[in-house]
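Morning, everyone. Please have a look at it.

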Amino acid sequence: MTRELGDVIPAPGEVRPDAAAAFTVDAGTAISAAPGTEQVAAYLADALRPATGFEFPAGDGPGTIALSLDSDLAAEAYRLEIATAGVRLTAGAPAGLFNAVQTLRQLLPAEVYAATPQQVAWTLPGGTIVDAPRFGYRGAMLDVARHFFTVAEVKAFIDAVVQFKINHLHLHLTDDQGWRIEIDSWPKLTAISGGDGTGVDGVGPGFYTKADYTEIVEYAATRFVTIVPEIDMPGHVNAAQVAYPELTADGVAPPQRTDVEVGYSSLVAGKDETYAFVGDVLREVAALTPGPYVHIGGDEAQATTAEDYRTFIERVLPLVTAYGKSPIGWHEMATVDLPPSAVTQYWRIEAADDGTARAAATGGKVLMSPADRTYLDMKYAADSPLGLDWAGTLDVEKAYGWDPAERLPGVGEESLLGVEAPLWSETLRSLADVLTMTFPRLPAIAEIGWSPRETHDWESFRRRLGAFGPRWQQQNVAYHPSPEVPWAE
Ligand code: TNX
């Protein structure tokens, strides 16, 4: 059955159906790529070939899918025009065309995600969609420290989330239980703390070589996703201290930790070794990272005095900028006076403030990740086998039912960089676990980050979401069958 033009997540800004204008993709459909659009055109053809079995040669004229750029549109904005004579995708930049392609895929029958040819009428509903994001940063975070996920698993995660126009992937690379990114100048970080026995319960070993990390960065870039690497400090550093005891106050290596406690480890604010270490790590991570941000953690530093915390953050922020990056930190960082280039990531459950509004008042941007609405590691319900519940349980309606511009007094629309849904991995052991916690909640956060406020509507959202059950099944993407969602057969 043909889909309706508005059956898209995130909800598009403007949808003008034209029932008389449906277009059917068939063996004769060609793809025409104007200069600058070749890469997205190739991605589109690759995405459609397996399930349709069609060739999608390059070609012009009637009956084609045509991609072009229009400098009047913002980079990520796009127009999708479906008419009997052909389909046109127009955007401000290739990133916008990529967004248009995701919308187009959602408008084809669910079988379009199958790996082998399907006998289906590939009919697209007619009309025009004009769409643009509410926020420039729409993120997901994967904790690869508590449990390591391979390059192939991260790529699969990226492919699943970009379908909802997520454009940033934050990798939580280091924590008490493991260090997952190779640093040439401090090789024992991964040699000792990336190896066997690391991770929660000692069952999540592994690390990215520089080549692995670069492979992720480059793959993400082909999907217009910016990688945001996080090195968590001054707390959450037990794995680093196991490898390098000179990073402790007494120079004695602590025991390796595989439990889920937080707030017990700290770098030493008054030691020169600390800043030699941090400087080297930030330099190497920044050099591997083309994106504008490096995340320095800053959360749950209960083992650091307030004075030491301030000293530490004030010395580390200029190092990030010296290596050409803008710092992001969890909201505790905003207890320190921040330069306007620093981004505060707000994760609190109650509407209390730790300086985030003060940072916003001086021009700093805020990334909204309130744990009670966006934490994908929270249990769906009390009986969920995976996940934690310290921020409460989180069903789809709760993940959808909030507005980032109304969350925190003093942090309105203009202060927001965007939204991010973090996924911590204490209870996760496989890619299937990751996907089960991500879907169907991430699409809720994606719609909050992309769609205009006035389009937000729970009844509409859950009806549209129900159509994704068969779509995820076709792709072998595990998801939680939330009872609130009217799943399509
Ligand atoms: C809090 S939220 C943490 C993490 C845990 C997470 C579990 C934040 C910045 N820190 O260390 O993994 O809760 O939900």
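A quick definition before we start: two strands pair if DSSP finds at least two bridges between them. Keep in mind that this model is predicted.

Now the barrel. Which strands close into it, and in what order? There are 8 strands, and the order is E9-E10-E13-E14-E15-E16-E17-E18. Their pairing is parallel. From one strand to the next, the twist averages 25°.

Let's zoom in on one pair. Strand E17 covers residues 365–368, and strand E18 covers residues 416–423. These two pair in the parallel sense, over 3 bridges. Take methionine 368: its bridge partner in E18 is valine 419.

Next, what packs on the sheet? Helix H5, residues 210–222, does. H5 touches strand E10 (168–172) and strand E13 (226–233). The direction of H5 makes about 140° with that of E13. H13 packs on the sheet as well, touching strand E9 (137–143) and E18. The direction of H13 makes about 175° with that of E18.

Stay with H13, residues 441–450, and bring in helix H14, residues 458–466. Their axes come within 11 Å and cross at roughly 130°. So H13 is oblique to H14. The crossing is right-handed.

Which residues meet there? From H13, Pro443, Ala444 and Glu447. From H14, Phe461, Arg464 and Leu465. By class, this contact has 4 nonpolar residues, 2 charged ones and no polar ones.

That's my tour. Questions, please.

Key. Residues numbered from 1 in each chain as written. Predicted model: local features only at pLDDT ≥ 70, side-chain atom pairs only at ≥ 80, totals over all residues. Heavy atoms only, no water. Axes fitted to C-alpha atoms, helices over the stretch in contact; angles between N-to-C directions. Helix = DSSP H or I, 4+ residues; strand = E, 2+ residues; numbered from the N terminus. Parallel < 35°, antiparallel > 145°, perpendicular 65-115°, else oblique. Left-handed = near helix turned anticlockwise from the far one by under 90°. Contact = heavy atoms within 4.5 Å. Nonpolar A, V, L, I, M, F, W, Y, C, P; charged D, E, K, R; others polar.
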